[in-house]
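Student: I'd like to learn how to read a few features off a model like this one. Can we start with how the chains meet?

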Amino acid sequence: MLIIDDDEDTLEVVFEMLDGAGYEVVLAHDGREAMELLINGLRPAVIMLDVMMPKANGNTFRIWQRARPELARIPVLVATAAPLSKNALEELSPDGQLDKPFDFRTLKDAVQSLIDRPRPSPGATP
Amino acid sequence: MIEARKAVAVNERTCRRMTIAAVVVTVAAFLAASWGALSRLEEIRYDSRAIRTNALPSIQSLSAARRKLGTIGVMIAQLDRVPLMPEALVELRSAIASLEADVNAYFALPRYPGEREEWSSVRACIDGLHAALDGLDPSSVVTPSPEVQARLAVAIDRADAALLATMDRNAAEIQSFVQNIVSTRASALRRALLFNGIGVLLAALLLLMALRSLRRQVAAERRAQHLLEIRATELEAFAGRVAHDLVAPLTPTVLWLERLRSSPDETTRNIAVRASRGVGRVTELVDALFAFARAAREAHETTTSDLDQVAREVVSGFEELAATSHVSLTLESPGPVPLAIHPGIVASVLGNLVQNAMRYLGESPIRRVTVRLQQRNGCARVEVVDTGPGVPLALQERIFDPYFRAAGRDQPLGLGLGLATARRLVEAQGGTIGVTSFGAGSTFWFELPTPAA
């Protein structure tokens, strides 16, 4: 799975815990870095996305991702510190949402439920 | 923002003043026109009365006197041919007496300046006639001497001339009164038109100014509303930024503490548990801060909601907490209660009150929180009744102030923004909020206006 967050400490602890739980985890410090990873062929089962970030924030990343059919179907879990307004939620249209700060069980359950979720067929609209 | 509000208030005052001034000016102009017309009418009434009661009766009496003088003149003119019989003398005297009566009727009327001389002249002529006739013997047929005849003729000519002059004077007076009436009427008409014209023009001008002021007020209100919305959006964005910067670093803290909580060392575990509690409080405080900031924005969103449905959702959201805190949480509702308010606002207020009630139940042996909905005349009332320790009277006023928290070691930690947020939301919707508490237990309530049916 791909974790996108600008907070180094968050990346470190999430990596250690998910890695320890048997997940294969790749880290990106902002939207642009994540885009580069995906362009280079990375195909994670789930993306965990922070919203407020320098260099391509959560919204920019989502717009970019949805515009690419080969990436649009990857489920995205949005992790945010401030509650999202209705408009912001509509713009992001995430597959799952996680309020910061979260404990490991909540994170693991959210990630696993997205992995276990049946994928939409390739012809379906993402 | 304050300037925009001041502008709205100033425009409101100006508009009200202009309208009042327009009304005052119109009424004043109407009164002035009416007063002018009335005073002129009084002048006309005086003139016409003078004509009716003095000048016209004078001319009538003088005219009758002249006719009689003419008859007397004919009788005297015959004296040089026909001797004067005693009966004819009586007739002549009686004719003169009748003439004198007409002249006296004229004398009884008010005099005009200069009339006194004409009166004296008429009087002298009549006295002359009497004197000439007094010398004649009334018991025999007489032929007056040419001298007497001449005196009589002169007296009659003079009397006629005096009567004519007096009639002319009275006719001239009538003419002057009539001219006065005509000019007074014209001047009254001019004044009435002038005052009414001025009144109408001033009123129109003031109304125009009031209209412009009203337009300015509408624009100022729009500006104020716009500023308010911008400010609310900015506040929300700022709070979001603050929340992000405060909460984001907590994520690794929470996760690392979680790791420490499963440490084999008990002391480490205990420290981790306490530290986690601290982090939990910080999260709660930031959430409250964010909700308080967002309350300003939500207050400007309008839509409809059903109080009953919102209350059911809120109560169901607290069911898990109620179960773990051993609280009996119930809802008493009369059924659907429509509101013209965003459901998020109602949920936020009610959620705050329920959370507050559960948090401050303390160690009360009876642990019950009841949410009661009522619909009254034009408003919906929500009561959150708890069996907690109650709110002392002295604190009831201040409990809704921002950052106010009940003192005491046993009180749970909070930022003191929950009830302030609730009040901010309720008052922005034209509602009221309060608490009633006598000893044990308290009832937090709020009332919101319901839309007209």
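Student: How much area do chain A and chain B bury between them?

Tutor: This is a predicted model, and here chain A and chain B bury about 1,700 Å² between them. Of that area, 71% is on carbon and sulfur atoms. In residue terms, 21 residues of chain A are in contact with 18 residues of chain B.

Student: Okay, and how many salt bridges cross the interface of chain A and chain B?

Tutor: The rule looks for a side-chain nitrogen of Lys or Arg within 4 Å of a carboxyl oxygen of Asp or Glu. Across the interface of chain A and chain B it finds 1 salt bridge. The side chains of A:Glu16 and B:Arg259 meet in a salt bridge, at 2.9 Å from N to O.

Student: Which element gives the most to the side of chain A that touches chain B?

Tutor: That's α1(A), with 7 residues. Both α1 (8-20) and α6 (104-116) of chain A supply at least two residues each to that side.

Student: Now a single residue. Is B:Glu100 buried or exposed?

Tutor: Buried means under 20% relative accessible area. B:Glu100 has 19%, so it counts as buried. You'll find B:Glu100 in helix α2 (residues 86-107) of chain B.

Student: And which side chains does the side chain of B:Glu100 make polar contacts with?

Tutor: There's one with the side chain of B:Arg123, at 2.6 Å, and another with that of B:His130, at 3.2 Å. If you skip residues up to four places away in sequence, B:Glu100 touches B:Arg123, B:Ile126 and B:His130.

Student: What about B:Leu329: where is it?

Tutor: B:Leu329 sits in strand β2 (residues 328-332) of chain B. With 15% relative accessibility, B:Leu329 is counted as buried. Setting aside neighbours within four places in sequence, its contacts are B:Val315, B:Phe318, B:Ala322, B:Val354, B:Val369 and B:Val371. B:Val371 is 42 residues away along the chain, yet the C-alpha atoms of B:Leu329 and B:Val371 are separated by 7.7 Å.

Student: Last one: which residues form a nonpolar patch on the surface?

Tutor: A patch takes residues with over 30% relative accessible area. Here B:Leu194, B:Ile198, B:Leu202, B:Leu205 and B:Met209 form one, with about 430 Å² of accessible area together. Take B:Ile198, found in helix α4 (residues 146-247) of chain B: B:Ile198 is partly exposed, at a relative accessible area of 40%.

Methods. Residues numbered from 1 in each chain as written. Chains lettered and ligands numbered in written order. Predicted model: local features only at pLDDT ≥ 70, side-chain atom pairs only at ≥ 80, totals over all residues. Heavy atoms only, no water. Patch = residues over 30% accessible without salt bridge, like charges linked within 9 Å, V, L, I, M, F, W, Y side chains within 5 Å. Areas by Shrake-Rupley, 256 points an atom, 1.4 Å probe, with all protein chains shown as cover. Helix = DSSP H or I, 4+ residues; strand = E, 2+ residues; numbered from the N terminus. Buried < 20%, exposed > 50% of the residue type's maximum accessible area, 1.4 Å probe, protein only. Contact = heavy atoms within 4.5 Å. Buried area = accessible area lost by both parts, 1.4 Å probe. Polar contact = N/O pair within 3.5 Å; in protein donor to acceptor, adjacent residues only side chain to side chain.
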